[in-house]
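Hi,

Here is the model I promised to pass on.

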Amino acid sequence: MANRGYDVVVDVDDHEGDLGHTDLQEDLEFHSSNFNDTQSSKINPDSTYQPPSSSPGSSKRYLWTLSFYAQFFAVDTSHVLHRCFSALVPRRPFLDILDGNPDLYGPFWIATTVVFILFLTGTISQYLASHHDQAFIYNFKLLSGAAGLIYGYTVIVPIALWGLLKWFGSGNAPGESSIGLVESWALYGYANVIWIPVALISWSPISVLNYVFVAVGFTVSAVFLTRNLWPVVSVTEAKISRILVIGVVVAHAGLAIAIKFLFFAAGPAAKDLPKIPEGDEAEKGEKMIRALFGM
């Protein structure tokens, strides 16, 4: 009995008046205690509850899935506009503005906008240089040429630069600046934003102005690229870094020259345009509108 606990002693004497007599054998009932039964005091967990799986494979994104590419387009309009402004007026390093979250949404639409504006303004430039007594024929090779030039430059050159930097060991040592492939695409993509205003004003028949506009666009974008690539390129050998920077500038100069002579070389100087009588000014404007909108 010493090993068992009791919590209640009950007097079951039913005889009235026998208040002082208690028979332990007959009048008391002992109820065993369950204080020492630790198993019964535990609450059984709900067997139906299953915690969420935290396996590392559930967060992986594979190259053949849409979620892999969607992560590079997860950016809102305010971020894109801020990055466009930072490309035109650079105050901070652009890689710091990306802050490890490069996007391809802005570069894609910037390149697409440049392609269509080059086609439109190139068509205007060709129309102004054409003889207005003949029917104007659209040159849709300008559209395919603009797409091949802008998309090709924006995709291929960053891949080549990224591969060369990896080959020469940029970013391999701890603490060295490095650039990823998507960051390289974003850098070159936002560098194209300057070509939007340049293409909008370079359809002038005055060839000297077109040279000036294209030169300004080349200067702004080349400074933007070299300023942001130098911290990454400079970690290689001094000779290699100089060669890479020169290669970046030469490739960008090739883009600027191609834009000038493929899209804005058709316009002769204003003095060389055929003279149009003053009475035909309205007819000239009407023909130009019809040519642009296919009327």
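Below are my notes, going from the overall layout to single residues.

This is a predicted model, in which local features need pLDDT of at least 70 and side-chain atom pairs count only at pLDDT 80 or more, while totals for chains, interfaces and linings use all residues. Residues are numbered from 1 along each chain as its sequence is written, and side-chain values use heavy atoms, with hydrogens and water left out.

**Layout**

The protein has 10 helices and 2 strands; these are DSSP runs numbered from the N terminus, with helices being H or I of at least four residues and strands E of at least two. Along the sequence the pattern reads β-β-α-α-α-α-α-α-α-α-α-α. Of the 295 residues, 32% are buried. Buried means under 20% relative accessible area, exposed means over 50%, and partly exposed is in between (1.4 Å probe, protein chains only). Among contacts (heavy atoms within 4.5 Å) with a separation of 6 or more, 72% join residues 24 or more positions apart.

**The core**

Which residues touch the most other members of the largest nonpolar core? They are Leu118, Ile150, Tyr188, Trp195, Leu225, Leu229 and Ile259, out of 50 residues in that core. At least two core residues come from each of α2 (77–88), α3, α4, α5, α6, α7, α8 and α9. A nonpolar core here is a set of buried Ala, Val, Leu, Ile, Met, Phe, Trp, Tyr and Cys residues joined through side-chain atoms within 4.5 Å. As background, nonpolar side chains tend to be buried together in soluble globular proteins.

Not counting residues up to four places away in sequence, Tyr188 touches Tyr153, Thr154, Val157, Pro158, Leu161, Leu225, Leu229 and Val248.

**Aromatic rings**

There are 7 aromatic pairs in the structure. Rings of Phe, Tyr and Trp (its six-membered ring) pair if their centres lie within 6.5 Å, and planes under 30 degrees apart count as stacked, over 60 as edge-to-face and the rest as tilted. One of the pairs is Phe94 with Tyr190, which is tilted, at 5.5 Å centre to centre and 55° between the planes. Phe94 sits in helix α3 (residues 94–98) and Tyr190 in helix α6 (residues 181–191), so this pair ties together parts 96 residues apart in sequence. Both Phe94 and Tyr190 are buried. Another pair, Phe119 with Phe140, is stacked, at 5.8 Å centre to centre and 25° between the planes. Phe119 belongs to helix α4 (residues 105–129) and Phe140 to the loop between α4 and α5 (141–167), so here the parts tied together are 21 residues apart in sequence. Phe119 is buried at 15% relative accessible area, whereas Phe140 is exposed at 54%. Phe94 and Tyr190 also form one aromatic cluster with Phe224.

**Helix α9 and its surroundings**

Helix α9 has 26 residues and spans 38 Å from its first C-alpha to its last, close to the 38 Å expected at 1.5 Å a residue; the expected span is 1.5 Å times one less than the number of residues. Its buried residues include Leu244, Val248, His252, Ile259 and Lys260. The cover over the buried residues of α9 includes α4, α5, α6, α7 (195–201) and α8.

Lys260 lies over the face of Tyr211, at 4.3 Å from the ring centre, and over the face of Phe261, at 5.2 Å from the ring centre. The test is that NZ of Lys or CZ of Arg is within 6 Å of the ring centre and within 35 degrees of the ring normal.

**Two polar side chains**

Thr236 is in the loop between α8 (207–233) and α9 (238–263) and is buried at 10% relative accessible area. A polar atom of the Thr236 side chain lies 2.7 Å from the backbone oxygen of Val233.

Is Ser221 buried or exposed? Ser221, in helix α8, is buried at 2% relative accessible area. A polar atom of the Ser221 side chain lies 2.7 Å from the backbone oxygen of Gly217. Leaving aside neighbours within four places in sequence, Ser221 is in contact with Ala191, Ile194, Trp195 and His252. Of these, Ala191 lies in helix α6 and is buried at 4% relative accessibility.

Best wishes

Definitions and conventions:
Polar contact = N/O pair within 3.5 Å; in protein donor to acceptor, adjacent residues only side chain to side chain.
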